[in-house]
There are 2 protein chains.
Amino acid sequence: MSKRVSLKDIAREIGISTALVSYVLNGREKEKRVAAEMAERIRNVARELNYVPNQVALSLKTGSTRTIGLILADIANPFFGQLARVVEDEASKAGYTVIIGSSDESSHRSAAIIETLVNRQVDGFIIVPAEGSQNQVRGLIDKGIPVVLADRYFPEINTSHVVLSNYEAAFDAVKHLIRNGYKRIGIVAYQSGMIHMRERVRGYREVMEQHKLQKAISISEIRFEHMHKDVDEAMQKAIRQTKADALFFATNSLSISGLYCIKKYGIKVPGELAFLGFDGSESFDFFYSPVTFVEQPIQEMAKESVNLLLGQIQGSSVIHHRQLQHKLIIRESTQLA
Amino acid sequence: MSKRVSLKDIAREIGISTALVSYVLNGREKEKRVAAEMAERIRNVARELNYVPNQVALSLKTGSTRTIGLILADIANPFFGQLARVVEDEASKAGYTVIIGSSDESSHRSAAIIETLVNRQVDGFIIVPAEGSQNQVRGLIDKGIPVVLADRYFPEINTSHVVLSNYEAAFDAVKHLIRNGYKRIGIVAYQSGMIHMRERVRGYREVMEQHKLQKAISISEIRFEHMHKDVDEAMQKAIRQTKADALFFATNSLSISGLYCIKKYGIKVPGELAFLGFDGSESFDFFYSPVTFVEQPIQEMAKESVNLLLGQIQGSSVIHHRQLQHKLIIRESTQLA
DNA sequence: CTGAAAGCGCTTACAG
DNA sequence: CTGAAAGCGCTTACAG
């Protein structure tokens, strides 16, 4: 076990001060007019000794850790996994490291994660905010810590954010169902006050209304912690009571859960029920009736979030609101009724 | 933007030294026999001022960052996403934060990630090692940095590791195919010298041999960077030339890629070809012929890796080799021939 | 061209 | 019971 070597070790080896070593190793030798031979010698010794700068010391000195915190609902969910991957890649290009935390949509968990990451002096946050976490976000802003919200945001808080154009996406998706002849269309969404859910439900409502389809045939409010059970009940009700002929699922996880139900009850898609999902998933491809879905530009969302955050970290105080466009991937599960 | 408050601020406020504040806030007031009223006063001021300890300073002082590095192939792959999630949860219970890096199975990327995390003084690593990364692992060991390998390991390096019992898993899976009457069985695996692949192929070979099934009917060696193309060619060859009646896929990603091919070419499962996958996936459930697969105990793998790593970080130098048991989930895709 | 020194925010052995 | 001081490994303004 070789002990770590520090600037001091190099300085002592050559018999100079740590200042010189620091200058040279940071490429400031010209500016500081260090003798060329000395610079060369310093670099050689650093190499021989296998010198690796201690980021922790640097961070304490400079106040910047070159680390960003990424808080999302659940890293095991492929939607967030893909988002995290792009964030990781983009951040790393800029020399930043990412620390990920999963909130499970709980504001308590989210608070705990934010606290430990603030202790660790991350330079900024990209947050997929959980319901009820307004004060956590405000707290960061008050402390002057850069933060960008992704996927959703709080209208009452003035932060940069990058989200899908949720209203339009839902409107467009349901319009497609209507055009294809479906009339008794329901939406399966989370019981949530968060803007992305509200906007998706609003898009559904308004297009239904515009087409005089009795506004809301059926709006299911699923509880995050009881997703499978609630989806199951909602689907049974939609089919038996409401006689829905099409269902629009407002997220990735809800869509998958819905597919399991359809399989369980042997419902015919699209014959008995048209199915419109969200986010995309390999399962949508392998389901016997390939699933039509609203595709989100995950890559763009992640890149844009990182860009905005790095901008803030570099001192920009401009607030940006980005709305990204969806793409409707049309397949068999919503064929003409 | 409120400036961060430090121990010094609290000390100055009360007019005492930082030592006292440090003692009290670390719960060492009894031991250090600090006056009860003074302790109370310190705690009050700390609360009023919203004091948050600076982890970076603490880390520099103590040499421990309470952070662990997790290097895996790709966080966007659900297998690794799930692994990461459990690692995150377990680490956080112990007060540790996790930094994740995706290597894409490239030793170059892996080297870069390890270097930056060593700079950042992580306390230890959990690594799903990429091919050719032996020296990186050895480097960590030489530096005395705790490391646990997961999912695979290097037989020539004496590290703790926790992996699936790969030979047995493959043996068992292929035996199941043989029992169900399949004879011309092929395996689709990555072209890789890594132990987990070699063991899976070995399990396949030996059970074929034991049953006098011409050893290896067909072994496809897929290149990681050209997975879809190579799988496509391998499947065409297996079916046309080799006349395979069953295929065993050695990983999660290979299985999914194989399913896409089957869909593309309209192959009947299990009629024309029996299908045996790895790791599990929602797609296995939704494929028209539910897929039989080798299930890995991801939860256990993650927990055990964290436990072993924390043990090492706390000073244990015992090397542990854990082999976990698989479970064969039998369904329609491998029904009696 | 080069060095001594202060300081980032903590902890802790030592002294009183 | 309490404080002064050193030190973790860096950077950098200042002096020479």
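User: Where in chain A is A:Pro270 found?

Analyst: A:Pro270 is found in the loop between α11 and β9 of chain A. Helices are DSSP runs of H or I with at least four residues, strands are DSSP runs of E with at least two, and both are numbered from the N terminus. This is a predicted model, in which local features need pLDDT of at least 70 and side-chain atom pairs count only at pLDDT 80 or more, while totals for chains, interfaces and linings use all residues. Residues are numbered from 1 along each chain as its sequence is written, and chains are lettered from A and ligands numbered from 1 in the order in which they are written.

User: What is the phi of A:Glu105, and where is A:Glu105 found?

Analyst: A:Glu105 has a positive phi of about 60 degrees, although it is not a glycine. Its place is the loop between β2 and α6 of chain A.

User: How do you know which strands stand at the edges of the sheet in chain A?

Analyst: The sheet is open and has 6 strands in the order β7-β6-β8-β9-β10-β12 of chain A, with mixed pairing. β7 (218-222) and β12 (327-329) of chain A each have a single partner strand, so one side of each is left without a neighbour in the sheet. Pairing here requires that DSSP finds at least two bridges between two strands. Neighbouring strands of this sheet are turned by 20 degrees against each other on average, direction ignored.

User: How do you know that β8 and β9 of chain A pair?

Analyst: Strand β8 (residues 246-249) and strand β9 (residues 274-278) of chain A are joined over 3 bridges in the parallel sense. Pairing asks for at least two bridges, so these 3 bridges meet the definition. A:Ala246 stands opposite A:Ala274 in β9(A).

User: Which strands does helix α9 of chain A lie across, and at what angle does it run to β6(A)?

Analyst: Helix α9 (residues 195-210) of chain A lies across β6 (185-190), β7 and β8 of chain A, at about 170 degrees to β6(A). Angles run from 0 to 180 degrees between N-to-C directions, with axes fitted to C-alpha atoms, for helices over the stretch in contact. Helix α10 (residues 227-240) of chain A also lies across β6, β7 and β8, and it runs at about 165 degrees to β7(A).

User: Why are the two copies said to be related as by a two-fold rotation axis?

Analyst: Chain A can be laid on chain B with an RMSD of 0.1 Å by a turn of 180 degrees and a shift of 0.0 Å along the axis. The two copies are thus related as by a two-fold rotation axis. The superposition is by least squares on the C-alpha atoms of residues with pLDDT of at least 70 in both copies.

User: Why do the copies meet through the same surface?

Analyst: 100% of the interface residues of chain A are also interface residues in chain B, so the copies meet through the same surface. Two residues are in contact if their C-beta atoms, placed from the backbone, lie within 7 Å. The contact takes 39 residues from chain A and 39 residues from chain B. On the side of chain A that touches chain B, α5(A) gives the largest share, 6 residues. The residues of that side divide into 18 nonpolar, 14 polar and 7 charged. Nonpolar covers Ala, Val, Leu, Ile, Met, Phe, Trp, Tyr, Cys and Pro; charged covers Asp, Glu, Lys and Arg; the others, Gly among them, are polar.
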